[in-house]
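Let's work through a few exercises on charged side chains together. Take a look at the model below, then try each task before reading its solution.

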Amino acid sequence: MEFFCYHRDRPDSLALREELLEEHWSYMDRYAARMIARGPTFASDGETPTGSVHIVDLPNPAAARAFAFDEPNYQEGVYRDVMLRRWGNMLGRTMWDFPGGRAGDNRYLVLGLGTGRAADIDVPSDQDDLIAYGPLLSDDSTSWLGKAVLVQAPDPEAARTVLIPDRFAHIEVHEWRFGGRPS
């Protein structure tokens with residue numbers, strides 16, 4: 001089962017985040033073989049972290065909750081909240097398989113939060129800029145809650161166009177970078 005986890009930073013938690021960096025990486029190392037994508041989000045200045053995305057394959061919702069809430073940054077108060085949802089890997093690959101490679105700018109997390117019936121259920125035909133793409137679902141996968149996309153685009157407005165606006169109650173766009181230990 002694939003899960004989308006987005007930890008959002010608490011304001012003024014940068015020093016604590018930096019202090020816990022090795023603990024965070026060590027914790028995530030335990031899940032490396034199960035990672036589909038990971039990386040931090042940033043404020044519009046491109047420097048200030050605002051959150052941390054992890055898309056990971058885990059056995060069940062209980063394991064996903066343990067993954068999200070046992071994370072050192074969460075335990076120590078770096079994060080203000082957590083979005084944890086079942087997710088479907090519509091591209092069938094990990095971020096490391098992205099043809100555009102690990103290095104690069106202008107990458108974004110696009111969250112489309114939905115109400116009602118599923119929207120944008122098909123993968124766009126042009127997948128060259130898609131890093132990860134899939135629906136956000138309830139724990140039992142019976143309810144569609146939105147969509148989470150990692151995409152390479154010229155700017156945030158272009159990234160937003162990966163989703164059809166009138167099909168979502170709310171769309172968020174966050175600057176995002178490939179995460180993990182530096183190679």
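**Salt bridges, step by step**

At 31% relative accessibility, Arg181 counts as partly exposed. This value comes from a predicted model.

**Exercise 1.** Find the salt-bridge partner of Arg181 and work out which parts of the chain the pair ties together.

*Solution.* Start with the contact: the side chain of Arg181 meets that of Glu22, with 2.8 Å from N to O.

**Exercise 2.** Decide whether Arg17 and Asp9 are buried or exposed.

*Solution.* Buried means under 20% relative accessible area. Arg17 has 13% relative accessibility, so Arg17 is buried. Asp9 has 9%, so Asp9 is buried too. These two residues form a salt bridge, their closest N and O atoms being 2.8 Å apart.

**Exercise 3.** Describe how Arg160 and Glu157 are placed relative to each other in helix α5.

*Solution.* First, the contact: a salt bridge joins them, with 3.7 Å between the closest N and O atoms. Then the spacing: they are three residues apart in helix α5 (residues 156–160), which means a separation of about one helical turn. Last, the accessibility: Arg160 is partly exposed at 27%, and Glu157 is exposed at 52%.

To put these pairs in context, the structure holds nine salt bridges.

Notes: Residues are numbered from 1 along each chain as its sequence is written. This is a predicted model: local features need pLDDT of at least 70, side-chain atom pairs count only at pLDDT 80 or more; totals for chains, interfaces and linings use all residues. Side-chain values use heavy atoms; hydrogens and water are left out. A salt bridge is a side-chain nitrogen of Lys or Arg within 4 Å of a carboxyl oxygen of Asp or Glu. Buried means under 20% relative accessible area, exposed over 50%, partly exposed in between (1.4 Å probe, protein chains only). Helices (H or I, at least four residues) and strands (E, at least two) are DSSP runs, numbered from the N terminus.
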